[in-house]
Every structure is written in structure tokens, then in C-alpha cells.
Amino acid sequence: MIYQSHDATTVSRPRLLPWSNLDGKPCYLVGDGSGISHLSLVADNVESVQLDMAEKLLDHAADLLGESEGKDDGKTTAHQLRFLAARLVEALHDVHRIARSRGARLPVPDGDDDDPADAELQTSAGQ
């Protein structure tokens with residue numbers, strides 16, 4: 001499913017945004033294809049923050065697990081590990097959504113009838 005703008009020279013795919021609606025369903029932006037709308041720039045900023053947070057969380061996980069010094073001192077508690085796992089799941093969810101969003105916006109060669117972005121939209125719409 002590709003949307004064309006009024007001038008028929010710009011083709012735009014719906015962009016999966018890095019947040020969900022109040023019901024937890026994905027949000028999409030249909031723009032003019034320029035990628036410079038205010039909402040698109042906000043989404044870019046949110047993605048940047050999410051990726052930065054995921055990177056810092058990975059560094060924290062390595063420190064907590066003793067991997068940064070090559071040793072595990074055994075002082076990490078079960079509570080700390082559960083908390084870390086929960087935050088890692090959240091970060092992985094964010095990074096996965098960003099990857100899906102960016103992958104769906106990659107150019108598709110002409111004549112490619114099996115558009116993965118169409119399948120993603122249809123799958124998401126059926127949820």
C-alpha cells in the first residue's frame with residue numbers, strides 16, 4: 001500500500017511512529033514523503049532518545065553483570081536482575097519498533113509486488 005501525494009511525484013509510505021496510542025496499538029504517520037514535517041522530526045527525536053537509552057542500558061547491564069571488568073562478583077541480586085531484564089525488554093521493544101519503521105521506509109525496487117510494508121500494515125490493522 002503506497003500513498004501518492006497530490007502532485008503525484010512524491011510517494012509516501014505510512015511511517016510507524018515510535019509510540020503507541022492509549023490502547024497500545026501502533027500509530028502511523030502518512031506524510032508527503034519529505035520526512036521533514038513537524039511530527040516526523042518529533043518522531044526522529046524520540047527514536048534517537050530511545051536508541052541512546054538502549055545503549056546506556058546495555059552498558060549498565062554489562063557493569064551490573066561484571067562483564068566490563070571480565071568478572072562476575074556474584075553481588076547482583078535477583079531483584080536487580082529482574083529489574084534489569086524488564087528494562088532490557090522495554091528497550092528491545094523500542095529498538096525493534098524503530099527497526100521495523102525504518103525497514104518499511106526503505107525504497108522498494110520497481111516491479112516488486114510482494115511489499116513487506118503492506119504485510120506489516122495489514123497485520124497491524126488486524127490486531
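The expected span here is 1.5 Å times one less than the number of residues in the helix. Helices (H or I, at least four residues) and strands (E, at least two) are DSSP runs, numbered from the N terminus. The model is a predicted one, in which local features need pLDDT of at least 70 and side-chain atom pairs count only at pLDDT 80 or more, while totals for chains, interfaces and linings use all residues. Residues are numbered from 1 along each chain as its sequence is written, and side-chain values use heavy atoms, with hydrogens and water left out.

The protein chain contains three helices and four strands, arranged along the sequence as β-β-β-β-α-α-α. Of its 127 residues, 23% are buried, where buried means under 20% relative accessible area, exposed over 50% and partly exposed in between (1.4 Å probe, protein chains only). Among contacts (heavy atoms within 4.5 Å) with a separation of 6 or more, 52% join residues 24 or more positions apart.

The average pLDDT, the predictor's confidence in each residue from 0 to 100, is 81 for the protein chain, and 72% of the residues score at least 70. Helix H2 has the highest mean, at 96, and strand S1 (residues 3-4) the lowest, at 40. Over residues 1-9 pLDDT stays under 50, and the model has 17 contacts beyond four places in sequence for this stretch.

Residues making the contact include Glu47, Gln50, Leu51 and Ala54 of H1, and Leu84, Ala91, Val95 and Ile98 of H2. Helix H1 also has 27 residues and reaches 39 Å from its first C-alpha to its last, close to the 39 Å expected. After H1 comes Gly66, whose phi is positive, near 80 degrees.

The buried residues of H1 are Ser40, Ala43, Glu47, Gln50, Ala54, Leu57, Ala61 and Leu64; their cover includes S3, S4 and H2. In H2, Leu84, Ala91, Arg97, Ile98 and Ser101 are buried, and what covers them includes strand S3 (15-20), strand S4 (26-29) and H1.

Some of these residues come together in the largest nonpolar core, formed by Ala54, Leu57, Ala61, Leu64, Leu84 and Ala91. H1 gives the most to this core, with four residues. A nonpolar core is a set of buried Ala, Val, Leu, Ile, Met, Phe, Trp, Tyr and Cys residues joined through side-chain atoms within 4.5 Å. Within this group, Ala91 is in contact with Ala54 and Leu57, leaving aside its neighbours within four places in sequence.

Beyond its neighbours within four places in sequence, Ile98 is in contact with Glu47, Gln50 and Leu51. Ile98 and Gln50 are 48 residues apart in sequence and 8.9 Å apart in space, C-alpha to C-alpha.
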